[in-house]
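Subject: The structure I promised you

Hi,

Here is the structure I said I would pass on. Have it open while you read, and I'll walk you through what turned up.

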Amino acid sequence: MSEIPTESKEKSEDKEIKNKAIKAIIENYIQSEKTLVNQLFFKTPHGTTIGNFREEIWKGMFEQIIPKKFVIEQSVFIIDSGGNISKEVDLAIFDETYTPYIFKYDKLKFIPIEAVAVVIECKSSSLTKENLENWVESIKSLETSQRSYVRMFNGVNIGSEHNPTKPRTQTSTRPIRILCCLNDDYKEYCKNKFDIVIRANEKKECLNIEIDESKGNLYSWYESLNHSKGLAEIDKKTYNIDKIKDVELEDYKVGYKDKIKKQTKLVSLLTFNLQLNQILMMINNPILFPHIAYAKMFNKFNEYIIALSIDKVQTLLFEVIHSHEQEKQKETGTLRQIKSASKKISNGFFEDVDKAFKKISKEILLKCSGVVIFKCSGITEDEIIKHLNQLFQNYYSESQGQKFLKYTYFIAENHYNDENKNNILNVQKAKSKLKISECTSKIIESNKDILFSFQKAKKTDNSSDSKDKYELFVQGINELYPYEENNTKNPYEANHFPIAVIKADLNGMGNMFASINDYEEYKRVSDILKENISLVGLLDAAKNTCQDNDAAWIYPFYVAGDDIFFAVSVTNLFKGIDVCRQMVITINNALIKKNEDNKTKIKNKSDIKKLSMGIGVSITFNREPIRYYLEAVNDQLDKAKNAVCPETLQEFLQTTIAINNQTFFDVDYDEINNKIEAINKDLNSNPIWRSFKNDIKDFQSLNSDKEMREQICSTSFLYSLLEKLSSIKICDKDVSENNDKISLEKELEYINILLYSLRLKHLDNSNIRNKELLFKSRIIKQLYVVLNKDEDKKKIKKKYKKANKKIYKDTIVLNDNSKHRLETYIQLLILLTDPRYNLNSIEHSSEDSEKSQIENAHKFLLKETINYLYEKLYNYDSNLLNIFINKDDPKNNNSSDIYFKRLNIEKSMFFKLRDTDKVSIEKAAELIKLKNQVCQNKDSNVTKENKKNTSSHMCFDEDKFKKAAKNSWNSTFIDSLMLLYQYNEMNIKLNGIFKEEEK
């Protein structure tokens, strides 16, 4: 047998030594584990435990495992820069290399969350669900801050700033949560609440270590610990990050072979050593310490909110205007005074506040016209009061008592961990405190010496503002005069001419701000409004509205807060309204752009809904007191703001315009295009501003043509119609819901006057026919409403079920509101087409083709009107109506139009019949028999006989007429019946004309 070579023998012995060393290390871990478990369960001879020292035993275990860069502290509290503090932590493992103790006094220690890598809860047998959950939640509530400043190899790193094109390895860290215990009760209470649970097993003398199953690989640990608030897409591109998805924590388990039981067992303590340190290396370093964030946190406990506003802003501006405009109408300094006052309540006001608190560190929370709210620290309450009172006295003295500076202050609210939420809370509280009477009372008490004593007036220097260029603003209200002074045909004198006073403000601002849950967004919206609701914003909107060569044509009263108040000549009425429209479009575009720009920056950001604007218009004269202008235009503005826009149009609404007590809805047709079919009914039967502008433009065009003016649309025609309609009073409630015959008769009387005036007189004249149809249909359209709710449909069906009524979306309804709308519409046609006003700048804009407009006009003036009139007569007296006219069975014709069978009664006979004082019922029957076949059958068969008759005429039932006429045969019924005949004939004739034209 040959000997083993010496070299091979040495290698074998060396390997054996190494193997023994490795086995010794493993054995040492096994023994250490047993010793640890025995210590944890050690009891004294008297049966008492050593529970007070178990934390020390667990601490000793972790000291054997973790690297020396970490420190282990016992019985500490974790704190964050938001002022949140955890429940007591039995053991905390943290890196103190770059992290100061926030507070340390003997055993009492507060450690910042940014430094903590591991938190450990040590329990013996007292495991309760409530205690464990509360402890875990107190840890979860802590948040790391990114506000750090650190010198790096390539410069200074600012943690809160981030290059969006480069991934970050840390965004918000959290500590590993470990539970150390002696029994398995935790399984019932805290599944998935701890990352790791270590249970000492007395029977087996080992540690049972369970790791959260949801974090099986290193990637899940990396994401959970370094990006606890979520991992952005860009951060998922970190170098080599995908490779660690395949590395399982199970791969780090270490086992040994039990020779006695002949099976492999887990070396728990060694396995835990490797696993925990690998997880710690996924954090590697704590997040860079944000010293300034903690400085601000401590300052919060001495942090004040200060809010100031110039009260009576409108009054202040009125005084400026009133003092210059009423006494010296031709003074050119007025506009300069207005600009100075507007500037004073905006930028000048902010500058004064900043100057008063210039030595104080402050953060502006809100800054808009006449209001500023800021947060500050490092100042005493006495100093705040001193600065505020001094500001008040300066403003009060300078304005000779016209400016009343309101102010309030309070200790900042910090109820939330989120600073944005705290800022919004403080802004809302400040606004609320400024409004209450207690605020004013305190200011008066603090400044009673100056308020109740005579003050020497100060001169205000406005010269610095004279260089501002407001080229479209006139210097004085008299300069709005739109005519050449040397023109002898001018209808008005230069010192007395009509103007349009316009006042507007934004709708829904309160609801919009209430819906914003992010402070930065709140501030951005405030800045947008401040920038656009201003004199400069008014000027920019005017520039976008008019031609480049337009002369000055706007006189601004004031633009502040969310109010716009100015005057133009009546000639420029529509241009003035377009300016307001342009302002709200600009604001909405800016809001939408900001909204889109910040979608990825703000979590849980509310969607900013578009704003609309209420506009009031009062037509008056240039020599009236300004307070009269305000009162008149405010009345119109209230009507605009209180008008209820149909639900289908609300998302497209831009402005609501009230003029002469009539309200119009101005909608965005560009946005409507995709949904035009769904909302076409509402557009056709509500007062839409663009439609009204088109009507004015068309009416002007008709008036400029002598033939058209004389034949269909003279001003005298409108005056006469308005006078007749205004003289009739209808019932207060909707007559369609009222069965009272007297009320229904009043409605018929009103409709008779209207329909008699709107009869088409030029159907045979192709040059006039369509224009007359369009013009007269626009008048009757004012009585149409949309019945688009199920309950409305059911209500109408119930009322007219006997009339076999087909339910239309567009229906004539006569009540006080629709009567007012119709009569106001006619008034506005007369007023705004007055040639003396020389109204211009109306651009005709319509989405509908000429054919579509004609079809709609045909429908509104004839088809729907015929249905309406038939149904009203049916409800008035169906028995009497059925003697004269009956709806034809639609199966007998191929058209969707409704046709009638009727008695043959000519227009001249109707005029004879309506004189019921001279023509008795018997005589009326005799006259009707002259032109109609008398029914020979008995009553029960008359209807069948008429139905079998294929002609359009019916036979006359004399007996039935004499019986039914006793109740309802009067001039109103006869007039309505005559108009039903005439409108039916017009409809038949127009249908024939259109068919011929199509051929």
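How closely do the axes of helix α25 and helix α33 come to each other, and at what angle do they cross? One thing before the answer: this is a predicted model, so please keep that in mind throughout.

Now the answer. The axes of α25 (residues 769-780) and α33 (residues 971-998) come within 13 Å, and they cross at roughly 130 degrees. Angles over 145 degrees would count as roughly antiparallel and 65 to 115 as roughly perpendicular, so α25 is oblique to α33. The crossing of these two helices is left-handed. On the α25 side the contact is made by Arg 769, Asn 770 and Leu 773, and on the α33 side by Leu 990, Ile 993, Phe 994 and Glu 997. Sorted by class, those residues give 4 nonpolar, 1 polar and 2 charged.

Some of those names come back when you look at His 858. This residue sits in helix α28, which covers residues 850-884. Is His 858 buried or exposed? With a relative accessible area of 4%, His 858 falls under the 20% cut-off, so it is buried. And what is His 858 in contact with, once you leave aside its neighbours within four places in sequence? The list is Leu 773, Lys 863, Asn 987, Leu 990, Asn 991 and Phe 994.

Next, have a look at α5 (residues 218-226) and α6 (residues 268-283). Their axes come within 9 Å and cross at roughly 50 degrees. The crossing is right-handed. From α5 come Leu 218, Trp 221, Tyr 222, Leu 225 and Asn 226, and they meet Gln 278, Ile 279, Met 282 and Ile 283 of α6. By class, this contact has 7 nonpolar and 2 polar residues, with no charged ones.

Then there are α21 (residues 689-704) and α27 (residues 816-832), whose axes come within 10 Å and cross at roughly 50 degrees. That makes α21 oblique to α27, and α21 passes α27 in a right-handed crossing. The α21 residues in the contact are Phe 692, Asp 695, Ile 696, Phe 699 and Gln 700, while α27 brings in Tyr 825, Leu 828, Leu 829 and Leu 832. Here the count is 7 nonpolar, 1 polar and 1 charged.

Asn 686 is in the loop between α20 (676-684) and α21. Its relative accessible area is 18%, so Asn 686 counts as buried. Asn 686 and Tyr 784 are 98 residues apart in sequence, yet their C-alpha atoms are 7.7 Å apart in space.

Thr 380 gives you another pair to check. This residue lies in the loop between β15 (371-377) and α10 (381-398), and it is partly exposed, with a relative accessible area of 43%. Counting along the chain, Thr 380 and Asn 302 are 78 residues apart, while C-alpha to C-alpha they are 8.6 Å apart.

**Two backbone angles to look at**

Which value does phi take at Ser 75? It is near 55 degrees, which is positive in a residue other than glycine. Ser 75 belongs to strand β1 (residues 71-79), and at 24% relative accessibility it counts as partly exposed.

Glu 205 also has a positive phi, near 55 degrees, and is not a glycine either. You'll find Glu 205 in the loop between β9 (196-201) and β10 (206-211). At 30% relative accessibility, Glu 205 counts as partly exposed.

**The whole chain**

Zooming out, the protein chain has 33 helices and 26 strands. Of its 999 residues, 51% count as buried. The accessible surface comes to about 51,500 Å², and 46% of that belongs to carbon and sulfur atoms. Finally, among contacts with a separation of 6 or more, 72% are between residues 24 or more positions apart.

Key: Residues numbered from 1 in each chain as written. Predicted model: local features only at pLDDT ≥ 70, side-chain atom pairs only at ≥ 80, totals over all residues. Heavy atoms only, no water. Helix = DSSP H or I, 4+ residues; strand = E, 2+ residues; numbered from the N terminus. Buried < 20%, exposed > 50% of the residue type's maximum accessible area, 1.4 Å probe, protein only. Contact = heavy atoms within 4.5 Å. Areas by Shrake-Rupley, 256 points an atom, 1.4 Å probe, with all protein chains shown as cover. Axes fitted to C-alpha atoms, helices over the stretch in contact; angles between N-to-C directions. Parallel < 35°, antiparallel > 145°, perpendicular 65-115°, else oblique. Left-handed = near helix turned anticlockwise from the far one by under 90°. Nonpolar A, V, L, I, M, F, W, Y, C, P; charged D, E, K, R; others polar.
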